[in-house]
Amino acid sequence: MQKPSLDPDVADSAPDEPTLTAYDEQHVVTYMRLLQAEGEGADWREVARVVLHIDPEREPDRARHAYQSHLARAKWVTEQGRLLRGTGSK
């Protein structure tokens, strides 16, 4: 795995492949930030602005979709990671 960027730009949609992708590897930090923000109850609009670099005032649909897509992928990657370490049940 290559060293992930600390603050990469994101695509409008996260991957939905059934395996980890190069995009996932590049966005590990983004996924961690999304999961942390959700755990802290952060407003999705602020997260989209700060983490995903998408202004929800100017592009509300794009921002919401990117946020939901990347958060879902972050959760999947976390579950997949547990599977790869043999600690998950799914």
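## Exercises on a helical core

Val47 touches Leu34, Ala37, Ala42, Leu52 and Tyr67, leaving aside residues up to four places away in sequence. Keep in mind that this is a predicted model.

**Exercise 1.** Find which residues have the most contacts inside the largest nonpolar core.

*Solution.* Start with the core itself: the largest one has 18 residues. Within this core, the most contacts belong to Tyr31, Leu34, Val47, Leu52, Ile54 and Tyr67. Next, look at where the core residues come from. The largest share, six residues, comes from H4.

**Exercise 2.** Classify the aromatic pair formed by Trp44 and Tyr67.

*Solution.* A search of the whole structure finds one aromatic pair. Trp44 and Tyr67 are 6.2 Å apart, centre to centre, with 40 degrees between their planes. Under 30 degrees would count as stacked and over 60 as edge-to-face, so this pair is tilted. Now place the partners: Trp44 lies in helix H3 (residues 44-50) and Tyr67 in helix H4 (residues 60-85), so the pair ties together parts 23 residues apart in sequence. Both Trp44 and Tyr67 are buried. Finally, check the face of Trp44: Arg64 lies over it, at 4.7 Å from the ring centre.

**Exercise 3.** Compare the reach of H2 with its expected span, then list its buried residues.

*Solution.* H2 has 12 residues. From first C-alpha to last it reaches 17 Å, close to the 16 Å expected at 1.5 Å a residue. Its buried residues include Val29, Thr30, Tyr31, Leu34 and Ala37. Just after H2, Gly41 takes a positive phi of about 75 degrees.

How values were computed:
Residues numbered from 1 in each chain as written. Predicted model: local features only at pLDDT ≥ 70, side-chain atom pairs only at ≥ 80, totals over all residues. Heavy atoms only, no water. Phe/Tyr/Trp six-rings, centres within 6.5 Å; stacked < 30°, edge-to-face > 60°. Helix = DSSP H or I, 4+ residues; strand = E, 2+ residues; numbered from the N terminus. Buried < 20%, exposed > 50% of the residue type's maximum accessible area, 1.4 Å probe, protein only. Lys NZ or Arg CZ within 6 Å of the ring centre and 35° of its normal. Core = buried A, V, L, I, M, F, W, Y, C linked by side-chain atoms within 4.5 Å. Contact = heavy atoms within 4.5 Å. Expected span 1.5 Å × (residues − 1).
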